Amino acid sequence: MMDLIISTILLSLFIHFFDKFAKKRTIDGAYRIYVSVSNNKDLKKNKEILEQLLTVKKELNATSSQDQFAKWARLNRKYEQLSQEWEKQSANVKIFQDTFKRVLSLFLWILTRGFRFYIQFKESKTPVFFLPAFLLPSWALWVLSLPRSIYGSVSLTVWNFAVQKTISGIF
Amino acid sequence: MSFDPLPGTLENLLEQTSLKWIFVGGKGGVGKTTTSCSLAIQMSKVRSSVLLISTDPAHNLSDAFGTKFGKDARKVPGFDNLSAMEIDPNLSIQEMTEQADQQNPNNPLSGMMQDLAFTIPGIDEALAFAEILKQIKSMEFDCVIFDTAPTGHTLRFLNFPTVLEKALGKLGGLSSRFGPMINQMGSIMGVNANEQDLFGKMESMRANISEVNKQFKNPDLTTFVCVCISEFLSLYETERMIQELTSYEIDTHNIVVNQLLLDPNTTCPQCMARRKMQQKYLAQIEELYEDFHVVKVPQVPAEVRGTEALKSFSEMLVKPYVYPTSGKE
């Protein structure tokens, strides 16, 4: 009983904070790894151009436009050209990137909610804890035991619902 | 191919007999008008007829030649084949609007079409340019030199043909869709709305603009001369202008650097400090624009005003200036 109470609270907390802080980072990280590993030409090219762009930008910032105008101007031309090229190229990549991230987001959602749902389903007959009969009317006791827990107890489903609402309200 | 730097003169412009349009532009206060007047004088020596136009609202031409010029071409005193005119783009728009109203006072479409046209960004300046082209076309000049407004205006000015062509293309599209409806509405209201005439004008204007647009992108016909001084802001502005011109596909391969202190014998501390600064940027100019003709023009003691002063000044554009070495005697 107590194990079940603690584990469901911890699981909900984990899911909540994962969604809030870690999910986006996870998705971005996965995308970067995929781009590194992938043989997709567009992705590779986009990454290369971006790297060049950042290199030129860094060098541009390190060059004084007043002391070395010729060098600065050439770097600036290159930067402008790479910027346009990258923006054009990004238009192609962005669609794929959006799709990739959306699918991954859905996958993570299914993973987290699915796991919780599985636990609920598996332990649906297990009562989390019992309530004294005199506290509530019989119909309320019946509702709290839905869908398949013992009458007079609070079911895992109801308990998870309460936990989630509480966590959402607090954080 | 020779690795020597290109001659630092504008002689190449005089030799290129196919040139029809020459633009002279740069940051404000660097000597654009003096340079364009001098170039016009030199061009008049090798061409049958030359027109110098100022599109800068500041209108410095009259001051430079000591003669009042207006919006009609007038001969420059002392020259048979050199004319000058000053155009204010803003006034051109007003005149154009008034003309349109006078020609067809009962046309209910004129107001609507004007409002419609002016919602297109840049269209007002493009129409002003169209007005200029109309005037120029009717004058058969062998070569036209533009003394343009400071850079920002110039860049918009040079992009007009493209902007206008796109705009009129859109209006043309409207014509095929709404023309018949406008005719019916006109006949119902008992007004002879000459829709075909209106769109016909637009279309012919578009054809003209398209032709000029091609000419501007033809390096045999059009070139842009950048004028600057050897200071950072002017240099930065020149670089920006050259990149814009490149994106517009307009040829540019001449740079005139004015107000240089070239006296190697000076002992004036301020002149020496200033010359040192100028030499720094001059070196950068030569490195960055190695495929340009870089003309170095010294700072002259007197103001360059009047025909005679401009004539002598213009010699420095076609022959590299050699400082007299016997200054102390």
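Does A:E59 count as buried, partly exposed or exposed, and at what relative accessibility? At 36% relative accessibility, A:E59 counts as partly exposed, where buried means under 20% relative accessible area, exposed over 50% and partly exposed in between, with a 1.4 Å probe and protein chains only. The model is predicted, so that local features need pLDDT of at least 70 and side-chain atom pairs count only at pLDDT 80 or more, while totals for chains, interfaces and linings use all residues. Residues are numbered from 1 along each chain as its sequence is written, chains are lettered from A in the order in which they are written, and side-chain values use heavy atoms, with hydrogens and water left out.

Chain A comes to five helices and two strands, helices (H or I, at least four residues) and strands (E, at least two) being DSSP runs numbered from the N terminus. Along the sequence these elements follow the pattern α-α-α-β-α-β-α. Of the 171 residues of chain A, 32% count as buried. Contact here means heavy atoms within 4.5 Å. Among the contacts in chain A between residues at least 6 apart in sequence, 64% join residues at least 24 apart.

A:E59 lies in helix α2 of chain A. Leaving aside neighbours within four places in sequence, A:E59 is in contact with A:K71 and A:L75. A:T63 is found in the loop between α2 (41–61) and α3 of chain A. With 7% relative accessibility, A:T63 counts as buried. Not counting residues up to four places away in sequence, A:T63 touches A:Q68, A:K71, A:W72 and A:L75.

Chain B has twelve helices and eight strands. Of its 329 residues, 48% count as buried. Among contacts in chain B between residues at least 6 apart in sequence, 79% join residues at least 24 apart.

The two chains meet where α3(A) packs on helix α11 (residues 269–288) of chain B: the axes come within 8 Å and cross at roughly 40°. Axes are lines fitted to C-alpha atoms, for helices over the stretch in contact, and angles run from 0 to 180 degrees between N-to-C directions. The two helices are therefore oblique to each other; angles under 35 degrees count as roughly parallel, over 145 as roughly antiparallel, 65 to 115 as roughly perpendicular and the rest as oblique. On the α3(A) side the contact is made by A:F69, A:A70, A:K71, A:A73, A:R74 and A:R77, and on the α11(B) side by B:Q284, B:E287 and B:L288. By class, this contact has four nonpolar, one polar and four charged residues. Ala, Val, Leu, Ile, Met, Phe, Trp, Tyr, Cys and Pro count as nonpolar, Asp, Glu, Lys and Arg as charged, and the others, Gly among them, as polar.

B:M316 belongs to the buried residues of α12(B), which are B:T307, B:L310, B:F313, B:S314, B:M316, B:L317 and B:V318. These buried residues pack against α1 (11–15), α2, α3 (61–65), β7 (254–260) and β8 (293–298) of chain B. Helix α2 (residues 32–44) and helix α12 (residues 307–318) of chain B pack at an angle of about 85°, with their axes 8 Å apart. That makes α2(B) roughly perpendicular to α12(B). The residues of this contact divide into seven nonpolar, five polar and two charged.

In helix α1 of chain B, B:E15 is exposed, with a relative accessible area of 56%.
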